[in-house]
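Okay, thanks everyone, I'll keep this short.

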Amino acid sequence: MPQIACSQCSQKIDSNHITCPQCQAVQGLEALSGIDPNIRIKNQKFAIWFGFLFGGLGLHKFYLGQHLKGSLYLVFSWTLVPMVMGWVDSIRTMKMSSFNFEQRYSKRAI
């Protein structure tokens, strides 16, 4: 386990500790914000616009992390089917609540 120095007392501690065992100082800004830095948050409005504007190329699927579906949209982009499906995806995303959108598309980075 890699070790880091405490920001207050400079004691060596494991990098996965949130507080220093000696001085109880909180380590790193992530601990103060309450946000996990490993979660990739997606913007719902970007996904909607990408679907409307570039749905025929599957850009919205690539943005949302669905690379296989995005590749299929790109392969069949010479037809108008992916463009219509992109518009339908955008409308579905627009009707989705922001909580459901985050639960579905905000994933932990590996």
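So, aspartate 89 and lysine 61: both are buried, where buried means under 20% relative accessible area, exposed means over 50%, and partly exposed is in between, using a 1.4 Å probe and protein chains only. Before I go on, this is a predicted model, so local features need pLDDT of at least 70 and side-chain atom pairs count only at pLDDT 80 or more, while totals for chains, interfaces and linings use all residues. Residues are numbered from 1 along each chain as its sequence is written, and side-chain values use heavy atoms, with hydrogens and water left out.

Back to that pair. What do the side chains of aspartate 89 and lysine 61 form? They meet in a salt bridge, with N to O at 3.6 Å; the rule is a side-chain nitrogen of Lys or Arg within 4 Å of a carboxyl oxygen of Asp or Glu. Aspartate 89 sits in helix 5 (residues 81–95) and lysine 61 in helix 3 (residues 59–63), so the bridge ties together distant parts of the chain, 28 residues apart. Helices here are DSSP runs of H or I with at least four residues, strands are runs of E with at least two, and both are numbered from the N terminus. By the salt-bridge rule, the count comes to one.

Lysine 61 itself is at 9% relative accessible area, which is why it counts as buried. Skipping neighbours within four places in sequence, lysine 61 touches Gln66, His67, Lys69, Gly70, Tyr73 and Asp89, with contact meaning heavy atoms within 4.5 Å.

Lysine 69 has a relative accessible area of 44%, so we call it partly exposed. Valine 75 is in helix 4 too, and at 53% relative accessibility valine 75 is classed as exposed.

Now the whole protein. How many helices and strands are there? Six helices and four strands, and the order from the N terminus is β-β-α-β-α-α-α-α-α-β. There are 110 residues, and 25% of them count as buried. Looking at contacts with a separation of 6 or more, 37% come from residues 24 or more positions apart.

That's my tour; over to you for questions.
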